[in-house]
Amino acid sequence: VAKLEAMAAANPQKLNWKTSIVDLLKLLDIDSSYSARKELAVELGCPAEKMGDSAQMNMWLHKTVLKKIAENGGNVPSDLYD
């Protein structure tokens with residue numbers, strides 16, 4: 001979290017990465033377009049019923065990306081992805 005907070009502070013855009021998948025991806029310098037998010041959701045195994053609703057897909061994707069960061073050694077509080 002400290003690293004993400006530092007990256008956000010250094011970014012000229014005001015990015016709300018704790019609640020927005022678009023802002024989180026921008027912070028990580030990953031394509032945040034709808035098509036890229038949809039592709040990432042499919043790659044990470046988003047349930048089909050969430051894929052039809054962009055808001056549900058985005059919420060699922062946000063939690064899943066934060067969980068993946070935590071699984072790979074990132075210090076992300078579980079309340080951000082549970």
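View 1. Leaving aside neighbours within four places in sequence, Val22 is in contact with Ser32 and Arg37, where contact means heavy atoms within 4.5 Å. The place of Val22 is in helix α2; helices are DSSP runs (H or I, at least four residues), as strands are (E, at least two), and both are numbered from the N terminus. Val22 has a relative accessible area of 23% and is therefore partly exposed, given that buried means under 20% relative accessible area, exposed over 50% and partly exposed in between (1.4 Å probe, protein chains only).

**View 2. Confidence of the predicted model.** This is a predicted model, in which local features need pLDDT of at least 70 and side-chain atom pairs count only at pLDDT 80 or more, while totals for chains, interfaces and linings use all residues. Residues are numbered from 1 along each chain as its sequence is written, and side-chain values use heavy atoms, with hydrogens and water left out. The pLDDT, the predictor's confidence in each residue on a scale from 0 to 100, averages 95 over the protein, and 100% of the residues score at least 70.

**View 3. The crossing of α3 and α5.** The axes of α3 and helix α5 (residues 54-71) come within 10 Å and cross at roughly 60°. Axes here are lines fitted to C-alpha atoms, for helices over the stretch in contact, and angles run from 0 to 180 degrees between N-to-C directions. The two helices α3 and α5 are therefore oblique to each other: angles under 35 degrees count as roughly parallel, over 145 as roughly antiparallel, 65 to 115 as roughly perpendicular and the rest as oblique. The crossing of α3 and α5 is left-handed, meaning that the near helix is turned anticlockwise from the far one by less than a right angle (clockwise would be right-handed). On the α3 side the contact is made by Tyr34, Arg37, Lys38, Leu40, Ala41 and Leu44, and on the α5 side by Ser54, Met57, Asn58, Trp60, Leu61, Thr64, Val65 and Lys68. These residues divide into eight nonpolar, three polar and three charged. In this grouping Ala, Val, Leu, Ile, Met, Phe, Trp, Tyr, Cys and Pro count as nonpolar, Asp, Glu, Lys and Arg as charged, and the others, Gly among them, as polar.

**View 4. Trp60 in helix α5.** Trp60 lies in helix α5 and is buried, because its relative accessible area is 18%. Not counting residues up to four places away in sequence, Trp60 touches Ala41, Leu44, Gly45, Cys46, Pro47 and Lys50. Lys50 is 10 residues from Trp60 in sequence and 7.8 Å from Trp60 in space, C-alpha to C-alpha.

**View 5. Lys38 in helix α3.** Lys38 lies in helix α3 and is partly exposed, at 36% relative accessible area. With neighbours within four places in sequence set aside, Lys38 is in contact with Met51 and Met57. Tyr81 is 43 residues from Lys38 along the chain, and their C-alpha atoms are separated by 19 Å.

**View 6. Asp29 in the loop between α2 and α3.** Asp29 is found in the loop between α2 (21-27) and α3. Phi of Asp29 is near 60°, a positive value in a residue other than glycine. The relative accessibility of Asp29 is 72%, so Asp29 counts as exposed.

**View 7. Ser78 in the segment after α5.** Ser78 is found in the segment after α5 and is partly exposed, with a relative accessible area of 37%. Ser78 and Val22 are 56 residues apart in sequence, and 20 Å apart in space, C-alpha to C-alpha.
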